[in-house]
Amino acid sequence: MVKPTKITNAIRSLRFATGEMTQAELAERVGVTRQTVIAIEQGRYSPSLEMAFRIARVFGVPIDEVFQYPDTDSPKGT
């Protein structure tokens, strides 16, 4: 069984904010399959750093607006 990644993303909301881009359109623009976009969007797969940058560039936003990694090392309330 595949363990879900801790990385979260805003791909779905960014797709809808940019004229309701389909998963297939995003996949074509970054050079992957639609199934790969689905897996990334659902948190079942973490993209390579290069692919993460390509996705961010499609939306014209910094990478940290697309992908987030929880800060589990800092104490709560900080």
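Me: What covers the buried residues of helix 2?

Reply: The model is a predicted one. In it, the cover over the buried residues of helix 2 includes helix 1, helix 3 and helix 4.

Me: Which residues of helix 2 are buried, and what makes them line one face of the helix?

Reply: Gln23, Leu26, Ala27 and Val30 are the buried residues of helix 2. Viewed down the helix axis, they fall within an arc of 100 degrees, so they line one face. Glu28 and Arg29, on the other side of helix 2, are exposed. In general, an α-helix has 3.6 residues a turn, so residues three or four places apart point the same way.

Me: With what is Leu26 in contact, leaving aside its neighbours within four places in sequence?

Reply: Leu26 is in contact with Ile11, Arg15, Met21, Val37, Val58 and Phe59. The criterion for each of these contacts is heavy atoms within 4.5 Å.

Me: Which residues touch the most other members of the largest nonpolar core, and which helix gives the most to this core?

Reply: The largest nonpolar core has 18 residues, and those touching the most other members are Ile11, Leu26, Ile55, Phe59, Val66 and Phe67. Helix 1 (11-17), helix 2 (23-30), helix 3 (34-41) and helix 4 (49-59) are the elements that give two or more residues to this core. Helix 4 gives the most, with 6 residues.

Me: Which residues of helix 4 are buried, and what puts them on the same side of the helix?

Reply: In helix 4, the buried residues are Met51, Ala52, Ile55, Ala56, Val58 and Phe59. They cover an arc of only 155 degrees around the axis, and this puts them on the same side of helix 4. Leu49, Glu50 and Arg57 are exposed on the other side. The buried residues pack against helix 1, helix 2, helix 3, helix 5 (63-66) and strand 2 (67-68).

Me: Why is Phe53 called partly exposed?

Reply: Phe53 lies in helix 4. Partly exposed denotes the range between under 20% for buried and over 50% for exposed. The relative accessibility of Phe53 is 36%, so Phe53 counts as partly exposed.

Me: What makes Arg15 and Glu41 a salt bridge?

Reply: The closest N and O atoms of Arg15 and Glu41 are 2.8 Å apart. The criterion requires a side-chain nitrogen of Lys or Arg within 4 Å of a carboxyl oxygen of Asp or Glu, so the pair qualifies as a salt bridge.

Me: How many salt bridges does a search of the whole structure find, and with which residue does Glu50 form one?

Reply: The search finds 2 salt bridges. Glu50 forms a salt bridge with Arg54, with the closest N and O atoms 3.2 Å apart. These residues are 4 residues apart in helix 4, a separation of about one helical turn. At 55% relative accessible area, Glu50 is exposed, whereas Arg54, at 30%, is partly exposed.

Me: What is the phi of Glu20, and why is Glu20 called exposed?

Reply: Glu20 has a positive phi of about 55 degrees although it is not a glycine. In general, most residues other than glycine have a negative phi. Glu20 lies in the loop between helix 1 and helix 2. Its relative accessible area is 55%, and exposed means over 50%, so Glu20 is classed as exposed.

Me: Which residues with positive phi follow helix 2 and helix 4?

Reply: Gly31 follows helix 2, with a positive phi near 80 degrees. Gly60 follows helix 4, with a positive phi near 70 degrees.

How values were computed
Residues numbered from 1 in each chain as written. Heavy atoms only, no water. Core = buried A, V, L, I, M, F, W, Y, C linked by side-chain atoms within 4.5 Å. Buried < 20%, exposed > 50% of the residue type's maximum accessible area, 1.4 Å probe, protein only. Arc of directions from axis to C-beta.
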